[in-house]
Amino acid sequence: MAHRVPPQPHEWITRDRKVRFSFEGEPVAAYPGDTITSALLASDHTLLGRSFKYHRPRGILSAANHDSNVLLQTATRTNVRADVEMPLDGEAYTAVNTHGGLKRDWGQLLEALSPVLPVGFYYKAFFRPRWLFPLWERLIRRASGLGWVSTDFPPTRQATHRVYVDCLVIGGGAAGLAAASALLDHGLTVIVIDENARLGGRLHYSRSEAEASRDWLATTLSRLESAAEAELWTQSVAVGWYSDHEVPVVRADGIHLVTARAIIVATGVIETPAVFRNNDLPGVMLASAAQRLVRRYGVAPFEDGIVLAGNASAYEAAIDLKRDGLRITTILDLDLPTTRGDRAVEAEAEGIRVVGPIKHLEARGSRGQLSSVTYNVNGSAHELACDGLLMSVGWAPAGQLLHQARVRFTYDPQLEQVLPSEFPAGIAAAGRVNGRFGLAARIADGEAAGAKILLYFKQVATVVAPPVASIPQSHSRPWFPHPKGKNFVDFDEDIQLHDFSVAYREGFDNVELMKRYTTNGMGPSQGKHSNLNAARILAELQGRSLAEVGSTTARPFYHPVTMGALAGRRLRPRWDSALNGEHTRAGAEWMDAGLWCRPKFYRGGSDAESRLAEYRAVRERLGIIDVSTLGKFEVIGPDAGQLLALCYTSAVDKAAIGMTRYVLMCDQRGIIVDDGVAARIGEQRFYVTAGSSHAQATYRTLTQVAALCRLNVEVVDITRQLAAINIAGPRVRGLLGAVTSQNLSDTSFPFLGVRDAELCGVPVRMMRVGFVGEVGYEIHLPYTQAVHVWRSLMALGAADAILPFGVETQRQLRLEKGHLIVAQDTDGVTHPFETPLAGLVNFKKPHFLGRAALEMLREAPARSVVGFETDYSALDLPIEECHLVVDGSSILGRVTSVGYSPSLGRTIGLAVVTHDFAIGAQRIAIRLTNGALVNARIVPTAFYDPGNTRQQDAA
Amino acid sequence: MKQFRCPILGLRPAQEFICAGSAIEGLLQADSAAARSGVYFGDATARVKREWWYHRPSQLWFLIERDTASDEVMAIELAQPVEDAHGA
Amino acid sequence: MSWRLLKYALNRDHAEPRWFNTPTSPKESYDVVIIGAGGHGLACAYYLAKTHGITRIAVLDKGYLGGGNTGRNTTIVRSNYLTPEGVRFYDRGVRLFEGLASELDINLFYSTRGHFTLAHNESTLRTARWRAEVNKHHGIDSQLVGPDEVKRACPQIDLNCGGQHAIVGALYHAPGAIVRHDAVAWGYARAASQMGVEIFQHTEVTGIEMANDRVCGVRTNRGLIKTDKVLSAVAGATPTTLKMVGLKSPVDIVPLQACVTEPMKPWLDPIIVSGSLHVYVSQSARGELVMGAAVDPAELHSTRSSFEFVSSLADQMLDLFPFLAGVKISRQWAGMADMTPDFAPVMGKTAIAGFYLDAGWGTWGFKATPVCGETMAFTLAHDTNHRLIEAFGMERFERMTMLGEKGAAAVGH
């Protein structure tokens with residue numbers, strides 16, 4: 001049975017206090033420093049989870065964040081990794097993906113079905129008859145998945161921290177520490193990270209290495225700890241490598257996004273299992289798992305242990321564990337023990353029986369727990385009772401980050417391991433991931449990596465790399481076929497040995513297809529324990545070397561990362577008009593407008609009443625609207641006119657000083673992207689506005705064209721320095737006359753004129769515009785003065801019952817004038833020749849944006865914008881924007897704008913229809929959502945005041 | 001993350017930039033057949049390209065030579081010298 | 001339980017016959033050479049053999065079968081497009097998909113889940129109405145729904161989206177489905193193989209031989225193959241094959257990334273797409289959330305992953321589903337998308353006789369796998385564009401016109 005052992009030297013737990021939690025309803029006590037798994041084993045819980053597919057009992061495998069069969073659930077958290085997470089006091093944990101509890105899980109009945117569920121079975125069944133598939137699908141969906149997600153999980157985001165360092169050393173074992181140490185005193189900053197709670201890696205959990213390295217480790221750590229330029233981060237996982245040496249490091253307080261000038265990868269190796277029947281029984285584990293458990297947490301995961309050896313280090317592990325006080329009776333070697341040299345002799349001297357080469361290995365269990373192993377040696381069968389079988393047959397380099405950094409690997413047949421061979425600039429590897437296994441070799445390799453990085457930083461250094469280990473550290477064929485299978489290669493996905501040969505024979509015979517067909521490596525541990533064996537098995541099937549088989553791509557992440565950590569802080573830029581407070585007080589209903597928000601309308605009665613009141617105010621008296629969201633640019637310099645003529649379709653450079661022009665911008669394809677007003681302030685000075693949501697893009701175009709054409713012009717974006725207010729209505733001149741010295745008569749300030757003036761004591765720029773169809777002025781003024789001016793105008797206008805109006809009323813007012821709204825009445829393929837704006841395209845200019853395309857597009861426009869009206873007089877109009885214009889079974893176009901015109905007493909709108917149809921058409925049929933057809937008359941788009949008489953000096 | 005070592009700005013993350021390719025360069029093309037062809041067609045194979053990149057926080061344009069196969073940056077220059085822009 | 005599975009019970013070492021023929025070396029000539037053994041290329045080979053009786057076909061791929069965008073996409077099938085051409089084409093695609101499992105004798109896990117395109121502002125809502133109306137006109141089941149209906153189909157969603165850009169409605173497309181993507185490629189490959197089509201993996205095309213402006217062969221790293229009909233079905237590498245025949249490319253290459261969480265018990269039934277938040281998500285049969293976003297912002301011929309992608313995706317996802325903060329993303333990957341200026345494909349005959357194009361599949365090509373195969377097979381067999389793809393020819397760009405699909409949302413998977 002598993003149990004706690006007496007205190008170990010330098011153990012990670014503190015035994016003076018207890019943390020209490022429950023597992024599957026049973027109370028468990030842990031010491032601070034325990035992982036959930038170590039605490040469970042300490043109280044003899046060896047059954048820790050169920051497998052994904054067959055619900056087989058599973059226990060500890062690696063104790064190193066690869067135990068994806070031991071994922072736990074709490075009331076709010078899911079897929080908690082018990083082998084590395086510490087238990088929370090008072091928390092209730094259960095195993096994921098069980099039916100009726102871990103012990104009795106009736107999901108294990110699925111195992112009885114396993115013969116009919118071979119690899120790829122789901123491609124081969126359940127789809128006939130078709131109507132039954134949804135039923136099967138529901139069953140399959142319900143059976144799959146691991147833990148369940150609680151919608152009660154607190155929406156915690158963790159801020160992302162940015163860190164810059166000269167050299168990031170990933171892995172705090174012997175090689176990493178030696179490398180970091182070599183970098184000290186060279187004026188370089190260094191960060192060493194390690195995923196464990198303490199630095200040292202194997203120097204801690206291997207007894208022999210701990211003894212051999214005690215002084216070195218203490219000296220090195222104290223040197224690093226006292227160095228001002230070095231930081232040591234524990235419980236920190238480098239989860240990926242990205243362009244320009246950017247490495248997200250996951251820590252308790254969120255992701256530290258480290259940008260390093262250089263990186264040393266000393267991530268070591270991952271112990272890989274042997275493949276034999278029942279190799280998944282609780283009690284069968286990796287030798288390094290047992291070493292971690294006993295030396296870190298003082299836990300013996302078994303009573304009676306046997307070591308399965310595929311390399312020399314298995315013997316070291318056996319001897320170490322025995323000296324740690326665990327009972328290790330036997331080493332079963334896959335090869336002849338004499339090939340292990342002195343190791344076999346040492347083990348026997350230690351009282352461990354050494355047997356080999358063994359064949360036909362199989363684990364046996366009783367009540368879901370390892371009880372014995374059977375094997376053949378020299379032709380005779382044996383059975384040994386045990387409750388612990390420690391696999392030590394090979395190592396897979398933890399080279400994921402190196403692969404991502406485009407380091408090239410080659411296969412070393414002597415070592416039976418792939419080795420990094422070609423490095424991009426500023427990256428080095430050291431230690432076991434680099435093929436150096438002995439303690440001295442790892443330290444020397446770390447120093448060599450440090451020296452390489454010093455050379456990279458153009459410092460003086462000598463690289464003396466130790467030789468690669470000369471004996472294989474991994475067994476080339478660590479598997480035992482069995483007619484009844486259950487010899488697992490991938491524990492996440494319950495993939496067995498014969499699944500590979502089936503997949504191979506069915507044609508999935510390269511490494512990628514095999515992965516996809518068998519799903520090997522697709523589970524939570526992403527193949528870290530299984531990919532090497534899978535590749536070796538495939539190599540044998542192909543009759544080729546491991547080097548020729550290749551490998552699948554190692555993608556981020558190294559360990560899974562929570563979305564809360566990835567998301568970082570919630571940052572949503574928002575731009576506020578200076579007048580938002582005024583709008584709120586006036587009862588604004590808001591709508592999003594890109595980064596801005598704008599009043600849709602102001603509530604005063606029902607929605608319809610509010611809109612109608614706003615409309616009436618503008619048409620009959622006075623209305624005022626905040627248009628601060630418009631893009632606003634100063635264009636200054638000798639080439640100012642030329643720049644605008646290049647960017648806009650018309651001859652805007654011909655505008656007279658003191659006058660504005662409505663301007664249209666197309667992209668290179670001739671598509672309308674923006675409109676605005678260009679006001680000529682002086683010979684070399686324009687003031688240009690742009691649509692709210694396109695303003696930034698327009699600024700980009702203006703500056704890009706200026707740079708491309710080497711123009712002598714400066715474009716200044718003052719969008720957010722200025723506010724803008726549009727005030728309009730028959731009584732506007734009376735009102736403004738009282739607060740400005742500017743003469744507002746048509747002769748002094750004509751329609752479409754622009755004037756710099758003083759208004760309410762504030763310097764402003766006024767433009768006489770006609771967007772809403774009444775006499776109106778767009779007043780551009782300093783952001784800080786906007787509230788003062790707005791309030792003054794509102795106070796003064798009270799006598800005329802002035803009302804602020806929102807975007808909806810503005811849209812209705814402009815619709816009556818037939819003004820298009822870019823991106824509403826136009827779409828991603830509308831060009832000027834499909835609209836009433838064709839006259840704004842001036843081909844006399846040799847160059848302007850969109851010219852090449854427009855020359856062609858003007859010949860055969862596909863569509864036309866038309867105006868329409870119906871006799872509907874109700875306010876609750878059934879026609880909506882984007883209802884289709886149809887002719888029987890053909891779609892002719894769609895409605896782009898529609899609204900009820902109180903002035904005209906009918907519903908009006910704009911529609912875009914096919915050009916051919918538009919020629920001479922009198923009527924259109926609009927289909928409503930409910931399918932009903934509404935007939936409408938085609939009319940000119942200037943619905944209201946077509947002669948612009950309301951702009952004349954009537955006041 | 002990709003970072004650009006820019007004149008004036010120093011090292012800036014690629015996220016701060018908008019890539020505008022090189023389409024704009026057709027604007028001044030004299031040969032109208034070539035100008036027309038360039039609107040929709042080009043050489044989009046992987047190679048070293050000169051592209052316009054706009055840096056949002058500083059509102060500056062850069063010309064960046066970049067290998068579109070490896071994402072490696074060969075050269076970065078300001079599209080318009082800042083002195084020019086200030087009329088100096 | 002099917003008889004087929006019982007066979008395995010009786011003989012546990014039973015393997016099915018090899019799915020794909022992989023002859024050791026190509027023949028001297030073929031009637032048709034298809035570049036790209038992805039879903040599209042294999043489907044075309046299948047329909048050429050099945051419908052048009054052309055079986056002397058070689059399908060070449062420089063990588064492995066289905067290893068390009070077929071194996072990298074997020075497997076969504078839908079037909080809620082904006083233009084009549086698009087709607088008709090993709091609708092045929094959905095219909096072919098629905099009967100494909102039986103036809104190919106493979107379970108594709110074709111799972112109709114319903115597809116919501118969320119609207120967070122009025123302009124998106126307008127576009128949603130437009131799409132709904134066009135779809136309804138063509139008999140496609142799409143409709144505009146309110147926030148309450150979104151909530152009913154997906155009770156876990158936060159309609160407020162974290163306080164900004166609240167959901168104001170959605171386009172609901174009932175036939176929206178997800179499919180096991182690999183199975184589509186494998187199913188076509190197997191069925192085509194059975195009819196004599198030859199598939200060559202790890203066979204790279206290095207050039208296309210021409211004589212008198214006609215295609216006459218394909219050069220590969222395994223020698224010259226003679227043929228007078230070549231189909232390029234290489235999403236992500238189209239500019240390269242175009243260059244081989246001297247054509248300029250209207251297609252640009254940008255990476256499209258995706259990621260997947262650890263498996264969890266099923267909770268998300270429909271497919272959720274938000275153009276404004278640049279995310280889309282569905283839950284696979286394995287229980288993973290499969291998530292993606294818009295394409296990367298610059299041209300790049302590489303399948304590298306980026307941290308800003310996965311971090312901004314998580315950021316936006318938490319606006320929709322705040323409780324996912326504790327759920328872990330386990331893997332991210334990327335494909336190379338063949339982007340066209342108008343979000344519609346480039347298909348059919350080209351200016352070069354014998355050179356056919358199935359390209360420009362941007363971020364939406366997987367759903368078109370069967371219909372592309374069917375229409376391109378027709379086009380190759382008859383040397384005449386199939387009527388469903390007439391609008392998709394490259395010559396539209398020579399006329400400076402675009403298809404109106406661009407009016408749809410920026411994220412269109």
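Visitor: How many residues of chain A are in contact with chain B?
Guide: The model is a predicted one, in which local features need pLDDT of at least 70 and side-chain atom pairs count only at pLDDT 80 or more, while totals for chains, interfaces and linings use all residues. Residues are numbered from 1 along each chain as its sequence is written, and chains are lettered from A, as ligands are numbered from 1, in the order in which they are written. With contact meaning that the C-beta atoms of two residues, placed from the backbone, lie within 7 Å, chain B contributes 24 residues, and the number from chain A is 23.

Visitor: Which element gives the largest share of the side of chain B that touches chain A?
Guide: Elements here are DSSP runs numbered from the N terminus, namely helices (H or I, at least four residues) and strands (E, at least two). Those of chain B that give two or more residues to this side are helix H1 (32-40) and strand S4 (48-55). The largest share, four residues, comes from H1(B).

Visitor: How many residues on that side of chain B are charged?
Guide: The classes are nonpolar (Ala, Val, Leu, Ile, Met, Phe, Trp, Tyr, Cys and Pro), charged (Asp, Glu, Lys and Arg) and polar (the others, Gly among them). The side of chain B that touches chain A has 13 nonpolar residues and seven polar ones, and the number of charged residues is four.

Visitor: Which element of chain C gives the largest share of the side that touches chain A?
Guide: This contact takes 80 residues from chain C and 81 from chain A. The chain C side divides into 36 nonpolar, 24 polar and 20 charged residues. Elements giving two or more residues to it include helix H1 (3-10), helix H5 (122-137) and strand S18 (328-339) of chain C. Eight residues, the largest share, come from H5(C).

Visitor: Why is chain A described as more spread out than a compact globule, and what is its radius of gyration?
Guide: Chain A holds 26 helices and 50 strands. The radius of gyration is taken over C-alpha atoms, and the globule rule is 2.2 Å times the number of residues to the power 0.38. For 955 residues that rule gives 30 Å, and chain A is more spread out than a compact globule because its radius of gyration is well over this, at 38 Å.

Visitor: What distance separates the centres of domain 1 and domain 6 of chain A?
Guide: Domain bounds come from an automatic or database domain assignment, which for chain A includes domain 1 (3-143) and domain 6 (860-955). The C-alpha trace of chain A spans about 115 × 75 × 55 Å along its principal axes. Taken over C-alpha atoms, the distance between the centres of domain 1 and domain 6 of chain A is 65 Å.

Visitor: Which residue is the bridge partner of Val886(A) in S47(A)?
Guide: A closed barrel of six strands in chain A runs S45-S48-S47-S46-S49-S50, with antiparallel pairing. Within chain A, strand S46 (residues 884-887) and strand S47 (residues 890-901) pair in the antiparallel sense over four bridges. In S47(A), the bridge partner of Val886(A) is Ile891(A).

Definitions and conventions: Two strands pair if DSSP finds at least two bridges between them.
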